[in-house]
Amino acid sequence: MLTKSYDYIIAGAGCAGLSLLMRMMQDAFFSQKRILVVDASGKTRNDRTWCFWEKEPDIFESIVLHSWNKLDFFSETYAAELSIQPYTYKMIQGLTFYNYVKSEAKHHPNVSWLQEKIQGFTKPATDDAGNLLSGIVLSDRSIYADYVFNSIQFEPIRSKPHQYYLQQHFKGWTIQTKEPFFDSGKATFMDFRVSQEHGTTFMYMLPTSATTALVEYTLFTKDLLPSESYDRALKEYIAEYLHIPEYEIIHEEFGIIPMTNALLPQTNGGIVYIGIAGGQVKASSGYAFRFIQKKTAAIVDALKNGRAVSVKAGFPDVKGLLYDSTLLHILYHQKMKGSAIFSRIFKHNQASDVLAFLDNESSLFTDLKIMSSVPTAVFLPVALRELSLMQKRRN
Ligand SMILES: Cc1cc2nc3c(=O)[nH]c(=O)nc-3n(C[C@H](O)[C@H](O)[C@H](O)COP(=O)(O)OP(=O)(O)OC[C@H]3O[C@@H](n4cnc5c(N)ncnc54)[C@H](O)[C@@H]3O)c2cc1C
């Protein structure tokens with residue numbers, strides 16, 4: 001007889017899985033639900049730093065390491081200090097986040113943890129009462145639940161014809177200086193003054209004190225660089241643009257984020273895809289943290305109210321996908337340089353409008369204003385082509 005062992009299985013205890021768990025633990029509706037969290041890793045490494053912007057504090061406010069209200073933008077053609085009110089730009093460290101959720105879970109006996117590699121999913125099945133169950137497959141057994149919330153990418157993303165796949169790859173150094181060098185009230189959002197020979201390339205710099213900053217070298221390209229190229233670029237930037245002669249590297253991070261308009265699965269029976277595996281990364285910017293927060297909040301809301309967990313993409317997401325596809329097409333086919341596009345957008349619009357646009361939360365009026373700041377001759381034919389491809393895919 002097939003029975004469920006849990007109400008919910010959270011497959012993958014990274015940003016999406018633990019954001020969902022945290023939201024469930026904060027809501028009395030879930031206090032009697034049996035929740036299993038499974039991850040191959042013990043999540044004991046500070047493997048990433050999340051930055052994001054928001055207007056109102058959300059559930060991870062207490063672990064924000066640092067925040068900024070002013071951001072610098074630099075390129076060969078435009079430089080400005082961007083005032084981003086009503087937004088605040090925030091930073092959370094990965095390990096702080098993992099530990100925060102794990103220590104909260106100690107107060108919730110309904111939450112169990114398993115450190116094990118998941119091999120895949122069971123076929124959808126029903127219990128004796130006819131309820132649909134979904135399960136994970138481990139090396140020696142399967143475990144069933146009503147829902148599996150999955151953030152594990154079992155297969156590499158494969159884009160189909162007319163879909164674009166770029167990699168956002170980056171290396172960051174947290175550096176410490178003996179003398180005070182940084183203004184911790186202001187971060188550098190994008191600095192395009194570095195070589196654009198590989199494609200869209202920029203630095204960002206996030207100072208957390210007068211003597212400490214994360215400096216990150218970021219590219220949107222088809223292929224990765226040899227590992228020494230990232231170090232060389234960071235070294236040159238710190239010397240030539242930050243004018244820092246001596247520093248110590250106290251932490252390093254490297255990451256790759258998919259930038260694609262390939263459509264990823266949202267649900268399969270009771271398996272619900274979350275995080276990057278569920279496409280919750282903004283294809284044109286690589287930002288995912290806020291999209292993950294919005295998605296996990298929507299899942300909790302749907303479960304509480306007995307609604308379908310996967311809702312069809314609304315108008316803001318559909319238009320966001322159109323804009324992302326358009327920008328990806330232009331960058332992929334090198335029809336215009338990313339540095340020129342972002343320079344024009346920031347030059348001709350309020351930074352807060354651009355941030356809302358990148359969050360898929362801007363009004364149609366704002367979208368049109370932002371779009372009018374890039375060359376119509378380049379963007380309009382591409383946007384029309386992408387719109388027609390989207391319509392064909394929907395039919
Ligand atoms: C270095 C780095 C920096 C980033 N910085 C930002 C940022 O500043 N702002 C932003 O918005 N986004 C950022 N991102 C993008 C995105 O927010 C993160 O990738 C985020 O962690 C995605 O969350 P996720 O839950 O989808 O995946 P993850 O956080 O990667 O979680 C997936 C989990 O699945 C587990 N797992 C994988 N395979 C298995 C298996 N077979 N069995 C069991 N467990 C498994 C992994 O151990 C992992 O814990 C960054 C990404 C990286 C890599």
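The model is a predicted one: local features need pLDDT of at least 70, side-chain atom pairs count only at pLDDT 80 or more, and totals for chains, interfaces and linings use all residues. Residue numbers start from 1 along each chain, as its sequence is written.

The protein chain contains 9 helices and 19 strands. The C-alpha trace spans about 70 × 55 × 40 Å along its principal axes. A compact globule of 395 residues would have a radius of gyration near 21 Å, and the 22 Å of the protein chain agrees with that. The radius is taken over C-alpha atoms, and the globule rule is 2.2 Å times the number of residues to the power 0.38.

Of the 395 residues in the protein chain, 42% are buried. A residue is buried if 20 or more other C-beta atoms lie within 10 Å of its own, exposed if 12 or fewer do, and partly exposed in between, with C-beta atoms placed from the backbone. Among contacts with a separation of 6 or more, 73% join residues 24 or more positions apart. A contact means that the C-beta atoms of two residues, placed from the backbone, lie within 7 Å.

Strands count as paired if DSSP finds at least two bridges between them. Between β3 and β7 (residues 88-93) there are 6 bridges in the antiparallel sense, and Thr 49 has Gln 93 in β7 as its bridge partner.

Helix α3 (residues 227-240) has 14 residues and reaches 21 Å from its first C-alpha to its last, close to the 20 Å expected at 1.5 Å a residue. The expected span is 1.5 Å times one less than the number of residues. Tyr 230, Ala 233, Leu 234, Tyr 237 and Ile 238 of α3 are buried. They cover an arc of only 125° around the axis, so they are on the same side of α3. The arc is that of the directions from the helix axis to the C-beta atoms. The buried residues of α3 pack against β13 (165-176), β15 (200-209) and β16 (212-221). Glu 228, Ala 239 and Glu 240 are exposed, on the face turned away from the buried side of α3.

Most residues other than glycine have a negative phi, and most peptide bonds are trans. The bond from Gln 85 to Pro 86 is cis, with omega near 5°, and Pro 86 is in the loop between β6 (79-83) and β7. Lys 43, in the loop between β2 (35-39) and β3, has a positive phi near 55°. With 21 other C-beta atoms within 10 Å, Lys 43 is buried. Gln 334 also has a positive phi, near 50°, and lies in the loop between α5 (315-332) and α6 (338-348). Gln 334 is exposed, with 10 other C-beta atoms within 10 Å.

Note on methods. Helix = DSSP H or I, 4+ residues; strand = E, 2+ residues; numbered from the N terminus.
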